[in-house]
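Here's a quick tour for anyone meeting this protein for the first time. Have a look at the sequence and the model before reading on.

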Amino acid sequence: MPERINTYQEFYEFYLDEHKKLGTRIFHFLGILFVFLVIGFVIYTGKERFLWYIPIVGYGFAWLSHAFIERNKPATFKYPLWSLLSDFKLFFELLIGRQKFRTQEKA
């Protein structure tokens with residue numbers, strides 16, 4: 001990781017490089033999908049007590065993928081807001097096909 005990233009564009013390029021493996025992208029996608037499902041469930045049922053599941057599924061899937069698949073440290077610890085924004089941005093880019101689940105990994 002560079003010493004300090006100053007713009008979101010620089011950060012997102014770094015973020016994508018830290019999320020290049022298929023499994024990592026799948027786990028991040030599933031984590032954000034479950035976040036939306038929990039929100040939908042809470043809205044539909046009115047059971048706000050399930051809101052505490054959001055950070056568990058959102059961060060849980062992501063951090064597991066960094067620990068066991070990508071084998072790097074999540075950017076969340078140094079850039080929490082940009083990292084959260086990027087998780088959602090990647091989710092929607094994967095959903096519409098702007099990003100691919102399988103990338104050309106560097107050798």
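## About the model

This is a predicted model, where local features need pLDDT of at least 70, side-chain atom pairs count only at pLDDT 80 or more, and totals for chains, interfaces and linings use all residues. Residues are numbered from 1 along each chain as its sequence is written, and side-chain values use heavy atoms, with hydrogens and water left out.

## Overall fold

The protein has four helices and zero strands, so reading along the sequence gives α-α-α-α (helices are DSSP runs of H or I, at least four residues, and strands are E runs of at least two, numbered from the N terminus). With a radius of gyration of 14 Å, close to the 13 Å from the globule rule for 107 residues, the protein is as compact as a globular protein of that length. That radius is taken over C-alpha atoms, and the rule is 2.2 Å times the number of residues to the power 0.38.

Along its principal axes, the C-alpha trace spans about 45 × 25 × 25 Å.

## Inside and contacts

Of the 107 residues, 35% are buried (under 20% relative accessible area, 1.4 Å probe, protein chains only). Take contacts (heavy atoms within 4.5 Å) between residues at least 6 apart in sequence: 72% of them join residues at least 24 apart.

## A look at helix 1

Helix 1 covers residues 8-17, and its buried residues include Tyr 8, Phe 11, Tyr 12, Phe 14, Tyr 15 and Leu 16. Helix 2 (22-45) and helix 4 (80-96) are among what covers them.

Key:
Buried < 20%, exposed > 50% of the residue type's maximum accessible area, 1.4 Å probe, protein only.
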